[in-house]
Amino acid sequence: MPNSRPRPRRGGGAGAAGRDRLVARSLQSAEHCLGARDFGTAYAHYLLVLSLAPELKDDVKETFQYTLFKWAEELDALSRVQDLLGCYEQALELFPDDEVICNSMGEHLFRMGFRDEAAGYFHKAVKLNPDFSDAKENFYRVANWLVERWHFIMLNDTKRNRIYNAAIQKAVSLGSKRVLDIGAGTGILSMFAKRAGAHSVYACELSKTMYELACDVVTANKMEAGIKLLHMKSLDIEIPKHIPERVSLVVTETVDAGVFGEGIVESLIHAWEHLLLQPKTKGANGNCGQYGRVIPASVVIFGMAVECSEIRRHHRVGTKDIAGVRLPASVKFQSPASSAETGEAVEPYTTEKMSRIPGGYLPLTECFEIMKVDFNSLQELKSLATKEPHPLSVPATKEGVLDAVMVWFVLELDDEYSLSTSPEEETCWEQAVYPVQALADYWIKPGDHVTMEASCQDCYLRIQSINIVHLEHEMEVIKHFTKSEDLLSLGNEAELCSALANLQTSRADALEQLCVLEPAEIALLNNIPYHEGFRMAMRKVLSSLAPEKLCQPVDLQCQDSEMNSGSEQGATAPSTSDPLYVLDVSEGFSLLPIIAGTLGEVKPYSSVEKDQHCVVLDLISEANHFPKETLEFWLRHIEDEAAVLQRPKSDKLWSIIILDVIEPSGLIQQEIMEKAAISRCLLQSGGKIFPQYVLMLGMLVESQTLVEESAVQGTEHTLGLNIAPFINQFQVPIRVFLDLSSLPCVPLSQPVELLRLDLMTPYLNTSSREVKVRICRSGRVTAVPFWFHLCLDDEVRLDTSGEASHWKQAAVVLDTPIQVQAGEELVLSVQHHKSNVSITVKQ
């Protein structure tokens, strides 16, 4: 604990003397409270001292910080969120430029789930002290919430910028001189309009960070006098309070991969009703500036049914036996991007860069039109959200497995300029993907039809009730219609599609237990090497500790007959001896405790949090014939979830503790080394942490894709506008969620071992090392992709870059590419700080 005791400075007069006495007493009381670990009272005394004697700030700063952090820990443990935030706000009023307090405030906000706000504090801490490593590492992890990565990719998309610029130029030249940019981002569309000759340009942006960034960009491009920036939603803009009059042109690109997900329909309805001039009617004459219009003018949405193994393994569990654990038929796993009408997903699709998806995809149908929307028609926009879902029936053209409906669109800016987000185009856009789930049979062949319903409900494009109607079923429907006396009235396409859609190939069983998992969790269940590896490694450890407590391998055929007959003879008989304790504290849904429970006299503990997941694990336990009480849910046994690492009982220790070391994004989990240190103290003699050690591997590559996805490159891509220096403040050196198998890159070296992190033997770890890498191909080194081998022991390794991996990979992107020749050597400096790793190239 800091221990500096400043003396109050003397002033003149009786009032000053009284103040000094009060300050001295308060300082003495604060120190006494600190000694008694009464941090709340100590904090109150320091607030009084600093309010009475602000000149003491420098003297008490270190002790004040210590008191604040300790008191905040107590408030956090008591869930007194408002009090905690209030204390930090008071502290930042006293020390507004203190990077340590800013960073700590950000850490608390991040843990509470306020990621945008946390990112703002981390960014401020880095700006105050660029060398503050803790704040830098925190900022890198959350920078995506401040400035989403697609901003860099979009600004580097020269084709997109040119087409938008041309359409805006054309509209302004035809008389649309008053412009509103909705969702301005960096302000690039506003600047296109101003440069084209618009008299008045207004731009609204809801994100505080993006608004401030746009202000800097507009000023740097000397357009601040002609562009009025508003930090607000367009829905809150009022005339004349915020803008003086209605505008003749709205420009926007508030469209996501699924078109409507960023609220474009709602914002344009409001704009037509309150902010835009009336649209030009057919046959009307006069200057375009007398009428309202929107860029983009319309959108045409297309779809295609596809087979894609990568989508399948992230959205459907494809096995019934996982390392000897049978999944009962009554348990149904499903991802949040549900194709069912009852799906609870807020966003009913996921997004993928389909041109780069690992393993590629196979089109099963021709591309088909889903809907077209005229953004210049208020009536059409209003009716969109209230329209009933309309049925579609698309014939299959190829044989394969129906995994998803892929969606893209053509944004028609006007009658001349358009942008396509098709996977066949070189575009910054990803595609929307609607995974197909809950069918009895996913196989489709030519002659079959894919049926679905499309709508724009809750301002999202929804593709639901996806089904396969096989040829023989379709013929039955057509025969039925042919016999009908009302053939002419019923024979139109919509009626036929509706009838086909009603031929469901499966019905939900009322007794089924639905379990919604994240795509990474489903991919984990499909990762057979992962589960087999853990089963093998756990058996070895448990066998070395107590071989007499292990089960003999069960004959699966025998087990099948037992399960089918309902026999309980295969259940393990209760034992009077103490079991071996196994704790799984990996993130999310995990079958590892059940796998451990099938190995013998083992008491496995799961740390899953969701009640739904607990119910499903219980059902799986019962289906695998060991008593329901064998599996324990650890969070029900502990009072503080933050203290999940503790003894199973007061007089017992763990045989195995399973830690999550690598995030799905491809980075090392935060605080993993601290968790490992606690875990080592909780192991019985001979017990193990899994994984026991981790190897980080990497290689040198040339990848222009990574460069352009990490930073805006100069002014050429942005058509001469100076945006790069401002948005690049938010670039991060590490790109995450990469698929190295499909990343456009040229390897310039072989993989090398960059780092070893030993969770069982910490003295083997070093905080920094230098690694020589031989160049095997000439080129420009732009990035160092990296991945991990999780070594459960010296024989069992899990590769986070493997084909079955549920993990993604990451890469360090260099600020400046390095030209290299084959045969040369580069030296990489690898630094390990807490749970973060940095890689720099020494020349």
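A: Start with one contact. This is a predicted model, and in it the side chains of D578 and K652 form a salt bridge, with 2.5 Å from N to O.

Q: How do I read a salt bridge inside a helix?
A: An α-helix has 3.6 residues a turn, so residues three or four places apart point the same way. In this structure, K208 and E212 lie four residues apart in helix α11 (residues 208–220), about one turn of the helix. Their side chains meet in a salt bridge at 2.6 Å, N to O. With 39% relative accessibility, E212 is partly exposed.

Q: How far apart in helix α13 are E310 and R313?
A: E310 and R313 are three residues apart in helix α13 (residues 309–315), or about one helical turn. Their salt bridge is 3.0 Å, N to O. E310 counts as buried because its relative accessibility is 8%, and R313, at 16%, also counts as buried, the cut-off being under 20%.

Q: How many salt bridges does a search of the whole structure find?
A: The search finds 28 salt bridges. Some residues are linked in a network: K170, D414, D415 and E416.

Q: What should I look at for the chain as a whole?
A: The chain has 25 helices and 37 strands. Of its 843 residues, 52% are buried. Among contacts with a separation of 6 or more, 76% are between residues 24 or more positions apart. The accessible surface is about 37,800 Å², and carbon and sulfur atoms account for 49% of that surface.

Q: Which residues have the most contacts inside the largest nonpolar core?
A: F64, F260, I301 and I463 have the most contacts inside this core, which has 147 residues. Beyond its neighbours within four places in sequence, F64 touches Y43, Y46, L47, L50, A91, L94, F95 and I101. Another core lies apart from the largest one; it has 95 residues, including L550, V585, L631 and V784.

Q: How do I describe two helices that pack against each other?
A: Give the distance between axes, the angle and the handedness. For helix α2 (residues 39–52) and helix α3 (residues 57–77), the axes come within 9 Å and cross at roughly 145°. The crossing of α2 and α3 is left-handed. Among the residues that make the contact are Y43, Y46, L47 and L50 of α2, and V60, F64, L68 and W71 of α3.

Q: Is helix α12 (residues 264–274) largely enclosed or exposed, and why?
A: Helix α12 is largely enclosed by the rest of the structure, because eight of its eleven residues are buried. The buried residues are I264, V265, S267, L268, I269, H270, A271 and W272. Their cover includes β1 (178–182), β4 (249–252), β5 (293–295) and α14 (378–384).

Q: What about a charged residue in a loop?
A: Check its accessibility and its contacts. E205 lies in the loop between β2 (200–204) and α11, and at 11% relative accessibility E205 counts as buried. Leaving aside neighbours within four places in sequence, its contacts are G183, A184, G185, M210, Y211, L230, H231 and M232.

Q: Which backbone features deserve a second look?
A: Most residues other than glycine have a negative phi, and most peptide bonds are trans. Here a cis peptide bond joins I295 and P296, with omega about 10°; P296 is in the loop between β5 and β6 (298–307). Another cis bond runs from F690 to P691, with omega near -5°, and P691 is in the loop between β26 (683–690) and β27 (693–698).

Q: Where does A323 lie, in terms of β7 and β8?
A: A323 is in the loop between β7 (321–322) and β8 (325–326). Its phi is positive, near 50°, and A323 is buried at 2% relative accessibility. L719 also has a positive phi, about 55°, and is found in the loop between α24 (704–710) and α25 (724–727). With a relative accessible area of 18%, L719 is buried.

Conventions. Residues numbered from 1 in each chain as written. Predicted model: local features only at pLDDT ≥ 70, side-chain atom pairs only at ≥ 80, totals over all residues. Heavy atoms only, no water. Buried < 20%, exposed > 50% of the residue type's maximum accessible area, 1.4 Å probe, protein only. Contact = heavy atoms within 4.5 Å. Areas by Shrake-Rupley, 256 points an atom, 1.4 Å probe, with all protein chains shown as cover. Core = buried A, V, L, I, M, F, W, Y, C linked by side-chain atoms within 4.5 Å. Salt bridge = Lys/Arg side-chain N within 4 Å of Asp/Glu carboxyl O. Axes fitted to C-alpha atoms, helices over the stretch in contact; angles between N-to-C directions. Left-handed = near helix turned anticlockwise from the far one by under 90°.
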